[in-house]
Amino acid sequence: MKKIEAIVRKTHFEEVKQALFAADINWFSYSEVKAIGQDRQDRIYRGVMYSTDIISRIEITIICREQFVQPAIDAILAAAHTGEVGDGRIFVSPVDDTWSIRTGEHGDTVLANKK
Amino acid sequence: MITISGLDTVWVLLASMLVFFMQPGFALVEAGFTRSKNSANILMKNFVDFMVGTVLFWMLGFALMHGSGNGFIGSWNLFDFSFYPDTNIPKECFLIFQTMFCATAATIVSGAMAERTKFSTYIVISIIISVLIYPIEGHWAWGGGWLSQMGFHDFAGSAVVHTCGGSIALAGAMVLGPRIGKYAKNGRSLAIPGHNLALGALGVFILWMGWFGFNPGSQLAAEGTVNATAISHVFCTTNMAAATAGITTLFFTWILYGKPSLSLVCNGILAGLVGITAGCDLVSMPGAAIIGVFCGLAMTGSVTLFDHVFRIDDPVGAISVHGVCGILGTLGVGLFATDGGLFYGGGFHFLGVQTLGVLAIIAWAFCLGWITMKVLDKTMGIRVDPRIEEEGLDIYEHGETAYNS
């Protein structure tokens, strides 16, 4: 089992979502994240210029079995790519165990699609 | 013998409703241009202004303003406005219309003092404005006092309402000092963006609509050709100045900052409305357009001046919008009045009277405002503790917040 964390542009979230569905990733969580980077955005409020380095992105978290890892990564790489600076990152890390709260089962079969 | 006119009465009552609707307009502008942690406090202050104004203006303010008295102050008729004659409208109709104006003058102040004023002290400030500062200078210009005897013209209150409110706002913001975090250690001005410009912009639209009661309603009549023409003309000049002031601000900020600034265009529209209020009946349509342009330029310059040079923290721009543009509008009558204005060959006399009038009102409102704030600062305390200011007035002053998930 692996955990895939991907930080992608907000504007590409919809495409990434469709691509992940196509790669048989049926369930994942996401959240809006704010990051601090080198990129400055000038703003004006009531005549005062100020700049923010806040970058708004969406972070997707997927826990999946080994055979789905590479398809998921390929899907994100294709769907979130623009070629400009700021397209994001993908992090992959091992997951020790997974438990189903409903049934009490554990192991990677918990992640199998039950449909 | 003038008989009461039903049409006039309905028009003035309708206009009163429109002026009343300026209260939510102010509330939304002030709430939108400040941070969400202080929204409940801002809304509460706007309610206080209107409620206190209603009671106190009826109790005493109306008599001090419109009683015969002398040139300086009206009469002392406590809980009694029966001295006032019925004219083309009943006295109660006039009372309610005037009450709306009193509350408007008071509510201007809350924006400049936002996000750091102790609530209990603010109630006292609101009382003093409603019963003392506003009615007396109002008597000078509108109640048969010394300014009106000199021929001072302020149709709907650029000076009487707006410059008065703006001057008290200036005194309040000066005594309070800037919000925590408004200025960097080296004195550089920092932006504290308002939490919801959509609320602010809706407030500006509402105020724009309310002004169609504020200005045309001040004709106090609608019946007959003369009045019908006059209120229609006032409608058009009022709208024109708002539009040209907004457009001017749009392009002026575009040139200054590289982008057209919504937060300042909101102020710009209000600046034009404040500016046209004094002369909306006497100036022509081009005159109104020019007054609007000057108000847009002056307001933008004034916001920057007060913020960066004087370092007076005015979160919503009340000093610039109401104070500065009120002055400009009052002087504008002396320049642009088609009958008696300097640019129409009327000479300097009218302009001189307008200048004297607006200076007198500034001096009165600012001095009394300053004394009030200073005395309250030494007695009740005018500013909340730094910790309350940082965590928000909503929780510590009211125990409830505007936004609850």
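Modeller: Chain B has a mean pLDDT of 95, and 100% of its residues reach 70 or more. Keep in mind that this is a predicted model.

Colleague: What ipTM and pTM does the predictor give the complex?

Modeller: The ipTM is 0.73 and the pTM is 0.88.

Colleague: Okay, chain B. How many helices and strands?

Modeller: Chain B has 15 helices and 0 strands. Its radius of gyration is 20 Å, close to the 22 Å that the globule rule gives for 405 residues, so chain B is as compact as a globular protein of that length.

Colleague: What box do its C-alpha atoms fill?

Modeller: Roughly 65 × 50 × 40 Å along the principal axes. Of the 405 residues in chain B, 58% are buried.

Colleague: And how many of the contacts in chain B join residues at least 24 apart?

Modeller: 78%, counting contacts between residues at least 6 apart in sequence.

Colleague: Let's zoom in. Where is Ser158(B)?

Modeller: In helix α7 of chain B, which covers residues 158–176.

Colleague: Buried or exposed?

Modeller: Ser158(B) is buried, because it has 35 C-beta neighbours inside 10 Å and the cut-off for buried is 20 or more.

Colleague: Which residues is Ser158(B) in contact with, leaving aside neighbours within four places in sequence?

Modeller: The list includes Thr163(B), Val274(B), Gly275(B), Thr277(B) and Ala278(B). Gly326(B), Gly329(B) and Thr330(B) are on it too.

Colleague: How far is Ser158(B) from Cys325(B), in sequence and in space?

Modeller: They are 167 residues apart in sequence and 7.8 Å apart in space, C-alpha to C-alpha.

Colleague: Where is Phe79(B) found?

Modeller: In the loop between α3 (39–66) and α4 (91–112) of chain B. Phe79(B) counts as exposed, because it has 8 C-beta neighbours inside 10 Å.

Colleague: And what about phi of Arg311(B)?

Modeller: Phi of Arg311(B) is also positive, near 55 degrees. This residue lies in the loop between α11 (285–309) and α12 (318–336) of chain B. Arg311(B) has 14 C-beta neighbours inside 10 Å, so it counts as partly exposed.

Colleague: On to chain A. How do its elements run from the N terminus?

Modeller: They run β-α-β-β-α-β. That comes to 2 helices and 4 strands.

Colleague: Compact or spread out?

Modeller: Chain A is more spread out than a compact globule, because its radius of gyration is 18 Å, well over the 13 Å that the globule rule gives for 115 residues. Its C-alpha trace spans about 60 × 30 × 25 Å along the principal axes.

Colleague: How many of the 115 residues in chain A are buried?

Modeller: 20%. Among contacts in chain A between residues at least 6 apart in sequence, 72% join residues at least 24 apart.

Terms used. Residues numbered from 1 in each chain as written. Chains lettered and ligands numbered in written order. Predicted model: local features only at pLDDT ≥ 70, side-chain atom pairs only at ≥ 80, totals over all residues. pLDDT = per-residue confidence, 0-100. Rg over C-alpha atoms; globule rule 2.2 N^0.38 Å. Buried ≥ 20, exposed ≤ 12 C-beta atoms within 10 Å, placed from the backbone. Contact = placed C-beta atoms within 7 Å.
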